[in-house]
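This report covers part of a sheet and the helices packed around it. The sequence and structure come first.

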Amino acid sequence: MTPRPDESVFESRLANGLQILLREDHTAPIATFWTWYRVGSRNEIPGKTGISHWVEHMQFKGTPSIAKGQIFRDVSSVGGTLNALTSHDWTAYFETVPVDRLDLPLAIEPDRMVNSLYTLEEVESERTVILSERQGAENDPGYALYEETIGAAFHAHPYRHMVIGYATDLKRITRDDLYHHYRRFYHPANAFVVAVGDFRAEELFARIEAAFGAIPAGEEIPRAIGVVEPPQPGERRALLRRAAGAPYLRVAFHAPEAADPDLVPLLVAEAVLSGGQPMGFGGGGGMGRSSRLYRALVASGLARAAGSDMSITIDPYLFQVGVAALPGGNLEELESIVDREVQRLREEPIPDDELQRAIRQLEAQFVYSSEGVTNQAYWLGQWDIVDTWQRALSLPEEFRAVTANDVMRVADRYLVAERRTVGWLEPADEVGGARQPAENAAFYPVSAWGLNGPRSEKSAASGDFERQALPNGMVILGQDRPESRSVALRLRLPAGAIHESPEEAGIAYVTARASLRGAGGKSFEQINTLTDDLGSSISIDAGRQFVEARIRCLRDDLPVMVDLLARVLREPDFPREEIARVKAEQIGAIAEGDKDTRATADRIMRRAVYPVPNPLGRRVLGTDESVSAIDRDEVARFHRHAYGPSGAVLAVVGGLGGFSTAARTIGEAFGDWAGEPSPPVGDIEVTNSASSRHSEAIPDKSQADIALGLATIPRGNPDYYALDVANLILGRLGLMGRLGAEVRDLQGLAYYVYSQLEPRADGSLWTARAGVDPANVERAVESIERELERLRSELVTEEELRDARNYLVGVLPLALESHDGVAAMLLAIEEFGLGLDYLQRYPALIDAVTREAVQAAAHDHLAIDRIAIGIATPA
């Protein structure tokens with residue numbers, strides 16, 4: 001069949017039934033290739049839960065013509081990125097590659113559609129990996145409540161179990177079960193291909209037809225699964241008591257499927273309650289601080305996070321509200337507030353300004369989600385699974401047609417207290433700890449499970465990098481992308497946690513967060529209303545070294561958002577009541593972090609690498625005691641001394657109307673900013689001198705987490721590129737490098753294991769991490785150290801070096817596709833003095849790295865006898 005154009009998407013179907021969706025995007029010389037199968041956890045039967053996700057893992061074990069692990073190696077070696085995802089409704093595999101390497105997915109995907117190997121040995125190895133993945137999820141109290149609430153809400157439909165399945169089933173599923181599931185659902189009649197990128201649709205269609213056309217169609221799988229959830233006759237409740245930093249609340253209402261006309265009004269209702277949510281892989285977070293739930297629960301100081309979620313699924317699923325309370329929070333009070341806000345939706349028409357604000361946010365999220373070829377392909381495929389792909393393009397028009405009466409009508413129909421399910425999680429003990437929470441920490445949206453978790457690629461685009469320094473020392477960097485409708489901005493200040501005294505640990509984080517709580521005469525509520533009206537987002541967070549502000553907005557709104565950014569950084573009001581709320585949220589995050597095994601292992605490791613009084617070893621959030629003691633005057637003083645133009649760097653990328661135009665706008669807002677230079681930081685010892693090992697036990701956990709760390713050379717050291725290549729081979733290339741091949745794939749000890757370099761100008765940090773069954777901790781540590789010693793003592797192979805070089809050079813176009821990815825790169829270029837021509841020089845720098853240089857760098861700068869190990873295990 002000849003492809004037909006429809007709203008820039010070419011659709012066709014091969015003779016064997018394989019549907020093809022192609023969309024040309026000539027922004028950059030890359031393409032993404034997705035193979036979708038219409039099978040997910042909704043197609044599973046009791047006793048076989050999690051089998052769809054397990055089959056997804058097995059699809060990387062090889063075919064008669066593709067060796068085990070070769071898929072990851074081949075795609076990585078050309079600078080590509082790949083992943084696989086399983087959801088309730090679908091399973092998908094994608095490769096995003098330079099467009100001249102599309103032959104790779106065109107060879108991989110037809111082959112593993114019919115020829116994947118399912119050996120008993122590999123099945124048993126992967127069983128351990130998947131059980132470890134399940135244990136890691138169980139460690140999260142939010143996940144535990146999510147699973148319990150969903151299980152109570154559904155009695156008949158397979159949506160009642162999580163995508164990963166029950167541990168009891170995962171221990172019993174056989175090789176034959178897996179292979180039968182694969183052969184039943186993996187064939188052209190139950191699959192489709194989506195590709196987006198820098199190709200000609202007609203030419204690519206012919207190549208796809210040649211690659212897939214000879215595969216037999218297979219049996220047609222009915223869309224309906226033959227199970228309909230019966231009406232819920234009354235309220236259901238679930239109560240969990242387990243170790244957690246704070247209480248959690250979840251309320252779930254039965255809601256319609258994606259094809260139902262009521263879906264879109266419910267998406268608008270979701271935006272009214274908690275702001276416009278990111279769509280698919282793309283979108284921007286941080287919206288919704290003027291929303292009803294945020295104002296009633298977070299801005300009021302009662303909760304750390306609150307939000308809602310309207311799922312997009314084939315069959316009727318759920319509209320959910322989630323709340324992460326502060327330590328000591330009253331669940332009964334939080335539930336009554338949620339009830340009140342839901343009841344308002346049912347009984348009162350939404351004021352027009354609030355309705356238009358919600359719709360504007362949804363429209364903006366649609367624009368942001370269209371940034372990048374992988375985002376586009378995901379969104380097209382997701383909608384073709386649940387309804388039709390055309391809705392991936394028509395949603396903005398559908399949003400604009402929603403009225404206040406539509407929202408009130410659907411709220412009254414679906415958000416009914418008598419047919420809801422309520423989940424409470426009460427902490428079993430009092431705790432205190434630390435990690436930075438996500439803005440949407442109230443939710444655990446288990447929409448897709450993958451080999452590495454959902455990951456978006458990034459790629460190259462238009463125009464040259466440009467730089468301008470203001471007279472006050474602030475530096476502006478940028479790249480204009482004239483065709484883009486959106487802008488990403490990052491501003492970095494040297495005002496992070498290393499600038500604190502030990503006694504005021506956490507004040508950098510308090511100051512950053514409190515800056516948005518009122519500035520230049522605008523209240524926190526006014527700031528939130530302004531950004532939400534525009535469908536924009538703004539955030540300010542502190543890290544160890546820097547404070548970083550980020551903006552996402554539509555291009556026409558950049559002047560307004562730059563003006564707002566200047567206000568909050570230069571003229572924060574620091575209202576006492578808002579500082580108290582920021583502190584309460586921060587103390588809640590500290591408590592939550594001490595019940596998180598991954599965060600705890602990392603904290604232990606960093607403190608061992610950088611002992612007291614080294615500020616690099618302190619938690620960015622501080623401690624319960626230090627944060628409690630911070631007052632408004634201390635925050636104002638820290639701001640006065642740490643915030644200013646000296647050392648400030650701003651990067652802006654997107655539809656700028658020309659770099660000079662954007663630089664002029666920024667200069668008008670920041671050009672007269674004056675301030676004291678950043679306070680000097682005391683000497684930072686960047687080399688740990690001896691090995692150490694520390695562990696902590698945490699109640700109610702299933703998985704242990706391991707973190708190994710070693711202070712090493714600065715980013716500017718001549719050996720850095722060789723060390724980066726060494727680390728890539730050890731723990732990143734393909735499926736987590738040699739560590740993944742040995743610890744995960746061969747021994748089946750861990751769901752995740754990897755290594756990385758955190759570059760710093762005065763000394764970098766090398767780390768390796770793994771999540772394992774508690775019984776496998778010693779074997780995992782020994783295996784990681786053995787692989788590190790092999791890297792130090794033996795030359796890497798010619799093939800490994802070639803693949804590493806090809807990956808590092810080939811990934812550049814993908815690494816710079818998104819506006820925010822380019823902005824982050826520009827900040828790094830400035831921080832390390834790399835020069836605006838760095839990307840042009842980079843291939844030669846990597847090509848100069850030899851096998852001998854890789855071994856020497858690993859031997860000289862990754863000394864095993866100086867490694868610090870942090871372990872967090874179940875109590």
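In this predicted model, strand 16 (residues 486–493) and strand 20 (residues 547–554) run antiparallel and are joined by eight bridges. Within this pairing, L493 stands opposite V547 of strand 20. Strands of a sheet pair through backbone hydrogen bonds, in either a parallel or an antiparallel arrangement.

Both strands belong to an open sheet of six strands with mixed pairing, in the order 14-15-21-16-20-19. Strand 14 (466–469) and strand 19 (537–542) form the edges, each pairing on one side only. From one strand to the next, the twist averages 15°.

Helix 12 (residues 352–369) lies across strand 16 and strand 20. Its direction is at about 100° to strand 20. Helix 12 also meets helix 9 (residues 263–274): their axes come within 9 Å and cross at roughly 105°. Angles of 65 to 115 degrees count as roughly perpendicular, so helix 9 is roughly perpendicular to helix 12.

| Helix | Residues in the contact |
|---|---|
| Helix 9 | L267, V268, A271, V272 |
| Helix 12 | E354, L355, A358, I359, L362 |

Which classes do the residues of the contact of helix 9 with helix 12 divide into: nonpolar, polar or charged? Eight are nonpolar, one is charged and none is polar.

Definitions and conventions. Residues numbered from 1 in each chain as written. Predicted model: local features only at pLDDT ≥ 70, side-chain atom pairs only at ≥ 80, totals over all residues. Heavy atoms only, no water. Pairing = 2+ DSSP bridges. Helix = DSSP H or I, 4+ residues; strand = E, 2+ residues; numbered from the N terminus. Axes fitted to C-alpha atoms, helices over the stretch in contact; angles between N-to-C directions. Contact = heavy atoms within 4.5 Å. Parallel < 35°, antiparallel > 145°, perpendicular 65-115°, else oblique. Nonpolar A, V, L, I, M, F, W, Y, C, P; charged D, E, K, R; others polar.
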